[in-house]
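Here is a quick tour for anyone meeting this structure for the first time. Have a look at the picture, then read on.

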Amino acid sequence: MEKAARQIAKGNYNTRTIQKSGDELGSLARAINDLAFSLQRVNEQRREFFANISHELRTPMTYLKGYSKVLREGRWKTEEERNQYLEIIDHEATRLTYLVDDLFDLAQMDEGRFNLEHKKVNINEIIKLVVKKTAYKALDQNLKIEYLCELSDKEDSIVLGDPLRLEQVLINLVENAIKYTKEGSITIYTVSNDENIKIKVRDTGIGMEEDELPYIFERFYRVEKSRSRAFGGTGLGLSIVKQLIELHNGTIEVESTVGEGTEFTIILPKISD
Ligand SMILES: Nc1ncnc2c1ncn2[C@@H]1O[C@H](COP(=O)(O)OP(=O)(O)OP(=O)(O)O)[C@@H](O)[C@H]1O
Ligand SMILES: [Mg+2]
């Protein structure tokens with residue numbers, strides 16, 4: 001066991017000890033094996049994470065380099081063409097900024113030193129704000145966006161949390177809904193009972209296969225790689241959403257049917273004063 005522990009300490013995480021005996025030694029051996037297994041997994045996840053980050057950074061970088069070179073060398077024919085290239089550069093630079101912000105949030109959450117405000121927040125107000133902010137995107141795609149509020153009064157819509165982070169969560173869900181819907185509508189519902197407030201974001205979009213659903217909250221996970229190329233996301237959005245909701249002692253669930261639409265449900269505990 002000592003030999004095994006030293007091997008594991010050196011980074012040979014596939015080392016295992018014999019764990020047959022049923023006494024204390026056996027249980028120590030099993031603990032060492034569990035430790036080795038956990039380290040192995042963390043290591044794999046770390047490797048995967050860095051590979052993903054490098055990939056995600058490389059794509060916008062290529063555009064930035066490519067189009068700035070075209071502009072520098074004056075290889076454009078019309079003013080319109082030149083503006084198009086500038087727009088691409090601007091768009092990719094913005095994407096990079098978002099990506100870096102997302103990565104920063106994730107790193108902070110991983111270290112458990114994510115600063116979350118704990119204020120009384122009126123969820124109703126936040127949803128209205130989010131609808132206002134995202135309406136132009138929906139309109140651009142001819143989608144209807146509406147908010148159906150079933151919270152009875154002001155007291156009914158108060159949760160304890162961080163207003164900016166809750167807004168970030170809802171913007172993420174609504175932007176996904178818009179991004180993955182070709183025609184129809186996005187509807188946000190709120191209902192509450194004695195203990196909690198439920199917020200639903202429903203769309204009439206492309207939907208997802210049942211067997212994809214358990215993975216969509218994982219970092220960098222996207223349903224079909226081809227889809228993401230067309231829609232241009234990084235697959236970090238929902239993983240951040242889930243972590244933020246859990247930091248608010250809430251939960252998030254999803255239901256979806258291919259070709260019909262998707263519904264995300266957030267459940268947040270209500271505060272009783
Ligand atoms: N409302 C939705 N309808 C259909 N598919 C969805 C919906 N929301 C999420 N998905 C699928 O889940 C995947 C993960 O979503 P997530 O928000 O984490 O990533 P993204 O939107 O691709 O990128 P990002 O949000 O980081 O820009 C998406 O790539 C998409 O395939
Ligand atoms: Mg997203």
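## Before you start

This is a predicted model: local features need pLDDT of at least 70, side-chain atom pairs count only at pLDDT 80 or more, and totals for chains, interfaces and linings use all residues. Residues are numbered from 1 along each chain as its sequence is written, while chains are lettered from A and ligands numbered from 1 in the order in which they are written.

Helices (H or I, at least four residues) and strands (E, at least two) are DSSP runs, numbered from the N terminus.

## The sheet

Let's begin with an open sheet of 5 strands, which has mixed pairing and runs in the order β2-β4-β5-β7-β6. Two strands pair if DSSP finds at least two bridges between them. At the edges stand β2 (144-149) and β6 (251-257), each with a single partner strand, so one side of each is left without a neighbour in the sheet. On average, neighbouring strands here are turned by 15° against each other, direction ignored.

Now zoom in on β5. Strand β4 (residues 185-192) pairs with strand β5 (residues 196-203) in the antiparallel sense over 7 bridges, and the two form a hairpin with 3 residues between them. In this pairing, T187 stands opposite R202 in β5. β5 also pairs with strand β7 (residues 261-269), again in the antiparallel sense, over 8 bridges, and V201 stands opposite F264 in β7.

## The helices

Helix α4 (residues 123-140) lies across β2, β4 and β5, and runs at about 170° to β2. For such values, axes are lines fitted to C-alpha atoms, for helices over the stretch in contact, and angles run from 0 to 180 degrees between N-to-C directions. α4 also packs with helix α5 (residues 163-179) at an angle of about 35°, their axes 9 Å apart. The contact (C-beta atoms, placed from the backbone, within 7 Å) includes I126, I127 and L129 of α4 and P163, L166 and E167 of α5. Its residues divide into 11 nonpolar, 1 polar and 4 charged. Here Ala, Val, Leu, Ile, Met, Phe, Trp, Tyr, Cys and Pro count as nonpolar, Asp, Glu, Lys and Arg as charged, and the others, Gly among them, as polar.

α5 has another packing partner: α5 and α7 meet at an angle of about 145°, with axes 10 Å apart. The contact is made by R165, Q168, V169, N172, L173 and N176 of α5 together with G237, V241, L244 and I245 of α7. By class, that gives 5 nonpolar, 4 polar and 1 charged.

## Around the ligand

How many residues surround ligand 1? There are 22, and the closest are Y180, V223, G233, G237 and L238; to count as near, a residue needs its C-beta atom, placed from the backbone, within 6 Å of the molecule. Two or more residues of the shell come from each of α5, α6 (225-231) and α7 (237-247). The largest share, 3 residues, comes from α7. Sorted by class, the shell has 9 nonpolar, 10 polar and 3 charged residues.

## Two residues up close

S185 lies in strand β4. S185 is partly exposed, with 16 other C-beta atoms within 10 Å. Setting aside neighbours within four places in sequence, S185 is in contact with L143, K144, I145, E146 and T204. S185 and D203 are 18 residues apart in sequence, and 5.9 Å apart in space, C-alpha to C-alpha.

F114 sits in the loop between α3 (79-110) and β1 (119-122). F114 is partly exposed, with 16 other C-beta atoms within 10 Å. Not counting residues up to four places away in sequence, F114 touches Q108, M109 and L247. Between the C-alpha atoms of F114 and T190, 76 residues apart along the chain, there are 27 Å.

Definitions and conventions
Contact = placed C-beta atoms within 7 Å. Buried ≥ 20, exposed ≤ 12 C-beta atoms within 10 Å, placed from the backbone.
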